[in-house]
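Please look at the two chains shown below before reading on, and keep the sequence beside the structure so that each residue can be located as it is named.

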Amino acid sequence: MEILILEGTPKTPTIEFKPGEGYLLLRGRSIPENSIEFYKPLIEGLDAYNNNPQSKTTVDIQLEYFNTSSSKCVLDVLKKLEAINGNSEVIINWYYEEDDEDMLEAGEDYQAIINVPFKMIEVEE
Amino acid sequence: MENIHDFYTKMEEGNIMLSFKGEVTSDLLTSILQIMESKMDTLEEPPVVKKKVYNILVECLQNLYHHLESDDLTTPINEKSALFMIKKQNDEYSIMTGNYMVKDNVEPMKKRLDTINAMDSLQLKTYYKEVLNNGEMSSKGGGGLGMIDIARKSGKKLEYRFDNVDDKLTFFSLNVKVAQNKNKEEKVK
């Protein structure tokens, strides 16, 4: 399966998806005007991964900002991970900066929808 | 010659940090966000305030961007232009936008804003999750979350008005204030 690496830009996050290691990283800002287009390769990659996943899948989500159009795409990513969770043990680490209540709350919102436990991790600014 | 000093004084008295009138493009959004970020760095705003203002800016600007993009192509260029201002007064930020809107869209927009304004923060949270999970996503990825998110992050009621332009157009003004030093207790109230 193909590794997907996207360098972060002022409007899009760094994505590192390494199927061979069962590892996914989303980090930085996600504020593109057209999020669907940006997240499409990752969504497709996760679909392919679910056919033959590792026994354990670790996901680090460390977003600084995301817009509402990305929030739907992040939910799509999480729903794919929820589906993978049947075939692999999925661990989702949700990082938020100290005092960033909005980002913590965003993680809690997703946790209420997605049936995979989140680990909330506070990081220093 | 027009009196430029008058313009300057008006903006100075209005505590306007940044204003823009014209067509909203993707590159323009990037630039405005960068300018505001460095301005807030210079002012040494606390990270919490910076993030809130930045988030609301993104949503307001992208609302304008998608609104202008979605309007039909027959719209004259001056009607596609929008106004955008950021004001800071007594530690409170206000993000103001203005744009033309076809009359048919006024009632749905007013209804949406009134629905949001009638909710407290817990109701907004529930509503956001509901729309996030069940709402149809538009082709651009919007899907009606923008205003709910703006209201959640602002912590204040959304101020708006519609001014009649002619038989088909209305001018829509929105003022989003960013509550400062908000703590958990206040939010739950």
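This is a predicted model: local features need pLDDT of at least 70, side-chain atom pairs count only at pLDDT 80 or more; totals for chains, interfaces and linings use all residues.

Strands of a sheet pair through backbone hydrogen bonds, and the pairing may be either parallel or antiparallel. One pairing that can be followed residue by residue is that of β2 (residues 14–18) with β3 (residues 23–30) of chain A, two strands that run antiparallel and are joined by 5 bridges. Within this pairing, Lys18(A) has Tyr23(A) of β3(A) as its bridge partner.

How do the axes of α1(A) and α2(A) cross? They come within 10 Å of each other and cross at roughly 0°, which means that α1(A) is roughly parallel to α2(A), since angles under 35 degrees count as roughly parallel. On the side of α1(A), the contact is made by Ser35(A), Ile36(A), Tyr39(A), Leu42(A), Ile43(A), Leu46(A), Asp47(A) and Tyr49(A), and these meet Ser69(A), Ser70(A), Cys73(A), Asp76(A), Val77(A), Lys80(A) and Ile84(A) in α2(A). Sorted by class, the residues of this contact between α1(A) and α2(A) comprise 9 nonpolar, 3 polar and 3 charged.

Turning to chain B, the reader will find 7 helices and 5 strands, which follow one another along the sequence in the pattern α-β-α-α-β-β-α-α-α-β-β-α. Chain B has 189 residues, of which 24% count as buried. Among the contacts in chain B with a separation of 6 or more, 66% are between residues 24 or more positions apart.

On one hand, β1 (residues 16–22) of chain B runs antiparallel to β2(B) and is joined to β2(B) by 6 bridges, with Ile16(B) standing opposite Lys87(B). On the other hand, β2(B) and β3(B) pair over 8 bridges, also in the antiparallel sense, and here Leu83(B) has Gly98(B) in β3(B) as its bridge partner. The hairpin formed by β2(B) and β3(B) has 2 residues between the strands, and Asn90(B) in this hairpin takes a positive phi near 45°, although Asn90(B) is not a glycine. Asn90(B) belongs to the loop between β2 (82–89) and β3 (92–102) of chain B.

Is Asn90(B) buried or exposed? With 6 other C-beta atoms within 10 Å, Asn90(B) is exposed, because a residue counts as exposed when that number is 12 or fewer. A second residue of chain B that is not a glycine and yet has a positive phi, of about 50°, is Glu44(B). Glu44(B) is found in the loop between α2 (26–42) and α3 (47–70) of chain B, and with 7 other C-beta atoms within 10 Å Glu44(B) is likewise exposed.

Finally, the two chains can be considered together. At their interface, 22 residues of chain A are in contact with 25 residues of chain B. On the side of chain A that touches chain B, α1 (35–49), α2 (68–84) and α3 (101–113) of chain A each supply at least two residues, and α2(A) gives the most, with 6 residues. The residues on this side of chain A divide into 8 nonpolar, 6 polar and 8 charged.

One helix pair that spans the two chains is that of α3(A) and α5 (residues 121–134) of chain B, whose axes come within 11 Å and cross at roughly 55°. The two helices are therefore oblique to each other, and α3(A) passes α5(B) in a right-handed crossing. Asp109(A), Ala112(A) and Ile113(A) of α3(A) make this contact with Tyr128(B), Lys129(B) and Asn133(B) of α5(B), and by class the contact has 3 nonpolar, 1 polar and 2 charged residues.

Technical notes
Residues are numbered from 1 along each chain as its sequence is written. Chains are lettered from A and ligands numbered from 1 in the order in which they are written. Helices (H or I, at least four residues) and strands (E, at least two) are DSSP runs, numbered from the N terminus. A residue is buried if 20 or more other C-beta atoms lie within 10 Å of its own, exposed if 12 or fewer, and partly exposed in between; C-beta atoms are placed from the backbone. Two residues are in contact if their C-beta atoms, placed from the backbone, lie within 7 Å. Ala, Val, Leu, Ile, Met, Phe, Trp, Tyr, Cys and Pro count as nonpolar, Asp, Glu, Lys and Arg as charged, and the others, Gly among them, as polar. Two strands pair if DSSP finds at least two bridges between them. Axes are lines fitted to C-alpha atoms, for helices over the stretch in contact, and angles run from 0 to 180 degrees between N-to-C directions. Angles under 35 degrees count as roughly parallel, over 145 as roughly antiparallel, 65 to 115 as roughly perpendicular and the rest as oblique. A crossing is left-handed if the near helix is turned anticlockwise from the far one by less than a right angle, and right-handed if clockwise.
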